[in-house]
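Subject: Structure handover

Hello,

Here is the structure I promised you. My notes on it follow below.

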Amino acid sequence: MKRILQFAFVLALCLILLPLLQQEVSASEPKIAIGTVQSNDGLRLREKPDKLSATITIAQGGDTVVILDKVGDWYLVNYNLYIGYMHKNYLVVSDRMDVDLGEGAIDAETVSLRGGPTTASPEIYPLVKDEHVHILGFADGWYRVQQEETIGFVRSEEIALLEKPAENTDGVAWVVDENDPTAYSPAGEQIAACAKQYLGCAYVYGGESPSGFDCSGFVQYVYAQLGYSINRTATAQLADGYNIPYDSMLPGDIIYFGYGSVATHVGIYLGNGDFIHAQNPSTGVVITSLFDDWYASRFLCAHRIAS
């Protein structure tokens with residue numbers, strides 16, 4: 001009887017621990033997938049999963065990334081051999097794709113080149129550490145590869161990428177001196193370029209989409225296209241970013257009009273004294289000079305977010 005009770009105890013303990021062990025295994029399984037950048041104005045690769053984190057480089061629309069993990073609303077990715085984070089809203093993710101990812105090297109002592117993307121698929125022949133293969137596609141956690149004249153499949157975590165994907169752009173190089181507010185800001189240029197795409201859109205009070213914008217809805221929408229989350233109203237947007245002197249403004253900076261601590265209007269600076277804004281129901285989204293008497297007399301401040 002004692003042995004039966006001991007067996008029952010061990011069995012019960014196993015039943016309790018088994019789900020925990022399964023969770024442990026599941027947590028360690030590779031989460032790799034393929035992502036395609038869906039922002040026409042570029043997508044930042046950041047050092048951390050945070051919109052205020054430093055930018056490593058900027059991927060262009062249509063570029064491919066290898067997704068390594070998911071952290072909240074962000075993906076940890078390999079983009080052109082840079083490792084960083086991209087916001088999920090601007091990536092289309094696929095578990096299967098024909099894509100030329102370039103050369104890769106076997107990153108384990110010995111792996112099996114298999115006939116299909118499963119461990120049950122027949123082994124074609126073994127591959128050893130540092131042997132090179134050409135990656136032709138991706139399928140459910142496996143790379144489809146070519147080694148000499150043979151095509152087969154290898155688990156994705158067993159291959160180290162050596163090249164950027166063949167069809168990718170080089171991205172946008174990122175060089176910023178945070179101590180110099182006049183330093184060239186590629187992100188700011190992209191914000192300005194994005195804003196100009198909506199020139200002529202209608203003005204709608206409370207509007208925050210291309211079917212109709214009000215002034216702060218327009219600014220919030222444009223910044224969201226580049227992965228920034230900012231406040232909704234003009235006065236609330238005064239809390240976003242950091243102050244920039246009038247003579248140091250760059251394209252992409254937010255400019256405010258009003259008095260004291262209240263912003264009654266807001267727009268996006270384009271350079272050369274011009275800014276773009278959702279002006280009023282008669283004009284919609286237009287470009288206006290800062291030297292216009294009405295705006296010159298009500299200029300409040302400028303803030304930089306894209307830096």
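Cys201 is buried, at 16% relative accessibility. The cut-off for buried is under 20%, so Cys201 falls inside it. Cys215 is buried too, with a relative accessible area of 10%. Please keep in mind that this is a predicted model. How many disulfides does it hold? The count is 0. A disulfide is, in general, a covalent bond between the sulfur atoms of two cysteines. The rule applied here asks for two cysteine sulfur atoms within 2.5 Å.

Next, the sheet. Six strands form an open sheet, with antiparallel pairing. The order is β17-β22-β18-β19-β20-β21. Which strands stand at the edges? They are β17 (242-244) and β21 (285-289). Each has a single partner strand, so one side of each is left without a neighbour in the sheet. Neighbouring strands are turned by 40 degrees against each other on average, direction ignored. Helix α3 (residues 215-225) packs on this sheet. The helix touches β18 (254-259), β19 (262-271), β20 and β21. Its direction makes about 45 degrees with that of β19.

Is His277 buried or exposed? His277 counts as buried, because its relative accessibility is 0%. Its side chain makes a polar contact of 2.7 Å with the side chain of Thr288. Beyond its neighbours within four places in sequence, His277 also contacts other residues, including Phe218, His265, Val286 and Tyr295.

Strand β1 (residues 33-37) and strand β4 (residues 64-71) run antiparallel, joined by 4 bridges. Ala33 stands opposite Ile67 in that pairing. Strand β4 also pairs with β5 (residues 74-79), again antiparallel, over 5 bridges. Here Val71 stands opposite Trp74. The β4 and β5 hairpin has 2 residues between its strands. Gly72 takes a positive phi near 60 degrees in this hairpin.

Now the charged pairs. Side chains of opposite charge can pair when their charged atoms come close. The whole structure has 9 salt bridges. Three of them are described here.

- Arg304 and Asp253: the closest N and O atoms are 2.8 Å apart. The pair links distant parts of the chain, 51 residues apart. Arg304 sits in strand β22, and Asp253 in the loop between β17 and β18. Arg304 is buried, with a relative accessible area of 4%. Asp253 is buried as well, at 2%.
- Asp170 and Lys164: the closest N and O atoms are 3.8 Å apart. Asp170 is exposed, with a relative accessible area of 62%. Lys164 is partly exposed, at 27%.
- Glu208 and Arg232: the closest N and O atoms are 2.7 Å apart. This pair also links distant parts of the chain, 24 residues apart. Glu208 is in strand β15 (residues 208-209), and Arg232 in the loop between α3 and β17. Glu208 is partly exposed, with a relative accessible area of 44%. Arg232 is partly exposed, at 21%.

Best wishes

Note on methods: Residues are numbered from 1 along each chain as its sequence is written. This is a predicted model: local features need pLDDT of at least 70, side-chain atom pairs count only at pLDDT 80 or more; totals for chains, interfaces and linings use all residues. Side-chain values use heavy atoms; hydrogens and water are left out. Buried means under 20% relative accessible area, exposed over 50%, partly exposed in between (1.4 Å probe, protein chains only). A polar contact is a pair of N or O atoms within 3.5 Å; within protein, one must be able to donate a hydrogen and the other to accept it, and residues adjacent in sequence count only if both atoms are side-chain atoms. Contact means heavy atoms within 4.5 Å. Two strands pair if DSSP finds at least two bridges between them. Axes are lines fitted to C-alpha atoms, for helices over the stretch in contact, and angles run from 0 to 180 degrees between N-to-C directions. A salt bridge is a side-chain nitrogen of Lys or Arg within 4 Å of a carboxyl oxygen of Asp or Glu.
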